[in-house]
Amino acid sequence: QVQLVESGGGVVQAGGSLRLSCAVSGRTSTRYAMGWFRQAPGKERDLVAAINLSGGGTYYIDSVKGRFTISRDNAKNTVYLQMNSLKPEDTAVYYCAATRPVYTRTVPKGRNEYDYWGQGTQVTVSS
């Protein structure tokens with residue numbers, strides 16, 4: 001079993017930055033591919049970014065490319081989402097998720113591919 005705890009959310013003005021952290025406990029994070037999802041009120045929970053086991057492979061949705069960066073520190077069992085140039089449409093609850101892929105290079109993109117979820121952290125971007 002693995003536990004995920006997000007932190008770093010808050011309220012920021014448009015154009016500002018936040019860094020989300022996801023602390024992984026229970027088992028070493030090197031065994032899991034990780035993803036950041038977000039869910040705005042009345043909308044589905046969608047993938048924002050994902051990273052494979054080693055950190056050498058990443059994926060971003062088009063709307064955050066060039067603004068968000070996902071990274072991991074396996075020594076600290078932590079995954080990060082650096083969010084720059086934030087926009088009001090980035091407002092959502094952000095969730096960290098983990099999965100054990102069959103292949104080490106896999107960057108999982110589907111919500112149903114993830115087995116473990118954090119409780120979420122609120123990000124609010126004011127205009």
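This is a predicted model: local features need pLDDT of at least 70, side-chain atom pairs count only at pLDDT 80 or more; totals for chains, interfaces and linings use all residues.

Colleague: What makes the pair Thr99 and Asp115 a polar contact?

Modeller: Their side chains are joined at 3.4 Å, and the cut-off is within 3.5 Å, so the pair qualifies. The Thr99 side chain also reaches the backbone oxygen of Glu113, at 2.6 Å.

Colleague: On to charges. How many salt bridges does a search of the whole structure find?

Modeller: Four. One of them pairs Arg38 with Asp90.

Colleague: How do you know that Arg38 forms a salt bridge with Asp90?

Modeller: The closest N and O atoms are 2.9 Å apart. The rule asks for a side-chain nitrogen of Lys or Arg within 4 Å of a carboxyl oxygen of Asp or Glu, so this pair passes.

Colleague: Which residue meets Arg67 in a salt bridge?

Modeller: Asp90 does, at 2.8 Å from N to O. That pair links distant parts of the chain as well, with Arg67 in the loop between β6 and β7, 23 residues from Asp90. Through shared partners, the salt bridges join Arg38, Arg67 and Asp90 into one network.

Colleague: Are Asp90 and Arg67 buried or exposed?

Modeller: Asp90 has 1% relative accessibility and Arg67 has 9%. The limit for buried is under 20%, so both labels hold. Arg38 is buried too.

Colleague: And what makes Asp62 exposed?

Modeller: Its relative accessible area is 63%, and exposed means over 50%, so Asp62 gets that label. The Asp62 side chain meets that of Lys65 in a salt bridge at 3.1 Å, N to O.

Colleague: Let's turn to strand β8. Why is it called mostly covered?

Modeller: Five of the six residues in β8 (78–83) are buried.

Colleague: How do you know that β3 and β8 pair?

Modeller: They share six bridges in the antiparallel sense, and pairing takes at least two, so they count as paired. Leu20 stands opposite Leu81 there. Strand β7 also runs antiparallel to β8, again with six bridges, and Asp73 has Thr78 as its bridge partner. β7 and β8 form a hairpin with four residues between them, and Asn77 in the turn has a positive phi of about 55°.

Colleague: What is in the largest nonpolar core?

Modeller: It has 29 residues, and those with the most contacts inside it are Leu4, Met34, Trp36, Leu81, Met83 and Tyr94. Elements giving two or more residues to this core include β3, β4, β7 and β8. Apart from it lies another core of seven residues, among them Leu47, Tyr95, Ala97 and Val107.

Terms used:
Residues are numbered from 1 along each chain as its sequence is written. Side-chain values use heavy atoms; hydrogens and water are left out. Buried means under 20% relative accessible area, exposed over 50%, partly exposed in between (1.4 Å probe, protein chains only). A polar contact is a pair of N or O atoms within 3.5 Å; within protein, one must be able to donate a hydrogen and the other to accept it, and residues adjacent in sequence count only if both atoms are side-chain atoms. A nonpolar core is a set of buried Ala, Val, Leu, Ile, Met, Phe, Trp, Tyr and Cys residues joined through side-chain atoms within 4.5 Å.
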